[in-house]
Amino acid sequence: MNSLGEAFAAAWKLIAGFDAELAQVVGLSLQVSLSAVVIATLIGLPLGAMIAVERFPGRQTLIVLLNALMGLPPVVVGLVVYLLLSRAGPLGSLGILFTPTAMVIAQAVLITPIIAALSRQIIEDAWREYDEQLRSLGAQRLNAAMTLIWDTRFSLLTIVLAGFGRAAAEVGAVMIVGGNIDGVTRVMTTAIALETSKGDLPLALGLGIVLVTLVIVLNALAAIIREMALRRYG
Amino acid sequence: MLPLELDQLTFSAGNAAIIRGISARIEAGPRTVILGPNGAGKSVLMRLCHGLLTPTSGRVVWHGSKNGDVRRHQAMVFQRPVMLRRSALANVVYGLKLAGKSRSQSELRAMDVLEVVGLAQHAARPARVLSGGEQQRLALARAWALGPDVLFLDEPTANLDPASTQDIESIINAIHASGTKIIMTTHNLGQARRLGDEILFISNGRLVEHTPIDRFFKQPASAEAATFIKDEMP
């Protein structure tokens with residue numbers, strides 16, 4: 001199993017044959033990252049919208065902080081969530097360390113700032129354009145924020161897809177809080193890391209192909225949605 | 001609502017004085033045109049009247065208002081129409097619903113005004129794919145639907161071709177005929193002649209003249225106005 005070509009061939013056989021182990025790992029990956037992106041959107045989107053339309057002291061600092069948090073290193077997030085969830089930590093009694101739930105939490109923490117910061121930018125740009133018109137029509141802040149979210153929904157969806165891509169491709173955080181337990185918390189990225197070090201290149205490569213394909217499909221989807229929306233709604 | 005009284009109105013942005021102590025009384029009835037060169041402060045004055053800007057000092061008083069919601073009895077059309085990413089009809093309905101009308105009431109009223117401005121056949125089309133002239137007619141419909149006592153128009157035809165300008169001007173006259181007070185800005189003398197009954201001539205943040213249209217063009221009282229009229233290009 002030394003040559004790259006052989007590894008590719010074996011990897012393709014695993015994918016084409018719906019290998020059970022591969023399917024299980026891919027399934028868990030999707031489940032964890034989708035859950036994380038849903039939670040991150042439910043928190044990040046209203047947060048971004050609020051920061052976009054409200055004026056309060058410390059707002060600029062919060063924006064800088066939020067933008068900085070977009071580059072949060074996954075291993076650091078993993079470490080912090082690990083400390084919180086470990087037996088001795090403040091949330092240790094929940095007993096969820098090394099479960100998919102812990103992985104969802106870690107990924108949600110990782111991508112909430114991304115969704116909040118980017119949606120803040122998009123909604124604030126729209127606000128600049130709509131501000132006077134909406135106030136002239138008598139829209140209150142909350143009403144205006146909802147209108148802006150609805151009017152930028154396609155751009156916001158692109159952000160959510162980007163967040164999902166980031167979550168699915170991330171390895172450091174889920175490795176630490178999940179523990180990469182076979183059949184329980186093993187996801188694509190952690191499996192790739194492990195299988196590579198074990199020398200099982202076909203499985204690693206097969207997972208790698210699935211992962212890259214997923215990322216490409218997501219980006220294509222985002223592009224198509226934007227294009228469609230632009231043509232449909234201008 | 002009317003008369004509208006401006007009492008020693010001033011507005012500064014930073015150190016720059018934009019409106020310098022304007023006092024005037026605008027009565028119900030005649031179409032009021034705020035005329036002046038670019039940068040004179042016409043748009044800012046209008047935004048102060050409409051309540052989109054807060055004066056640095058001085059007051060905007062609506063003498064006829066029964067301590068109610070003054071905003072609800074006025075509407076504004078901007079130089080560049082701001083259209084929401086939804087259908088033409090939905091754009092008109094949006095304003096009506098903010099004003100507290102029910103959905104069915106709003107849709108009936110919206111269809112009526114779309115008919116009047118000649119956009120009924122475009123009701124279902126996304127507002128942003130309409131042409132510039134159609135969008136401005138839609139903006140007029142959205143404002144008119146609210147049945148305002150006063151309609152502010154900020155250079156409503158500045159970006160439009162002659163045909164569209166003619167459409168807009170006849171709609172403005174129809175709105176005037178329906179009993180709504182028209183207050184509009186323009187830097188276009190021809191438009192001032194066609195649409196104005198009285199002129200507020202603004203120069204450098206000051207109210208220079210407030211006269212009936214005939215007298216303004218025949219014998220301007222101020223040197224600034226005389227120069228402004230004389231410099232008109234054919």
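**Entry 1: the interface**

I began with the two chains and found 19 residues of chain A in contact with 21 residues of chain B, contact meaning heavy atoms within 4.5 Å. The model is a predicted one, in which local features need pLDDT of at least 70, side-chain atom pairs count only at pLDDT 80 or more, and totals for chains, interfaces and linings use all residues. Residues are numbered from 1 along each chain as its sequence is written, chains are lettered from A and ligands numbered from 1 in the order in which they are written, and side-chain values use heavy atoms, with hydrogens and water left out.

I next looked up the area that chain A and chain B bury between them, and noted about 2,000 Å², with 51% of it on carbon and sulfur atoms. Buried area is the accessible area (1.4 Å probe) that two parts lose on being put together, summed over both.

**Entry 2: polar and charged pairs across the interface**

I noted three salt bridges between chain A and chain B. A salt bridge here is a side-chain nitrogen of Lys or Arg within 4 Å of a carboxyl oxygen of Asp or Glu. I looked up the salt bridge of B:Arg86 with A:Asp151, where the closest N and O atoms are 3.5 Å apart.

I also recorded 11 residue pairs in polar contact across the interface of chain A and chain B, both residues at pLDDT 80 or more. A polar contact is a pair of N or O atoms within 3.5 Å; within protein, one must be able to donate a hydrogen and the other to accept it, and residues adjacent in sequence count only if both atoms are side-chain atoms.

On the side of chain A that touches chain B, the elements giving two or more residues are helix H5 (100–136), helix H6 (141–151) and helix H10 (201–233) of chain A. Helices (H or I, at least four residues) and strands (E, at least two) are DSSP runs, numbered from the N terminus. H5(A) supplies the largest share of that side, seven residues. By class, I listed six nonpolar, six polar and seven charged residues on the side of chain A that touches chain B. Ala, Val, Leu, Ile, Met, Phe, Trp, Tyr, Cys and Pro count as nonpolar, Asp, Glu, Lys and Arg as charged, and the others, Gly among them, as polar.

**Entry 3: salt bridges within the chains**

In one of them A:Glu124 pairs with A:Arg128, the closest N and O atoms being 3.1 Å apart. Both residues lie in helix H5 of chain A, four residues apart, about one turn of the helix. A:Glu124 is buried at 8% relative accessible area, whereas A:Arg128 is exposed at 61%; buried means under 20%, exposed over 50%, and partly exposed in between (1.4 Å probe, protein chains only).

I then turned to A:Arg231 and A:Glu227, whose side chains meet in a salt bridge (3.2 Å, N to O). The two are four residues apart in helix H10 of chain A, so about one helical turn separates them. A:Arg231 is exposed at 65%, and A:Glu227 is partly exposed at 42%.

B:Arg47 lies in helix H1 (residues 42–50) and B:Asp154 in strand E6 (residues 150–154) of chain B, so the pair ties together parts 107 residues apart in sequence. B:Arg47 is buried at 14%, and B:Asp154 is buried at 2%.
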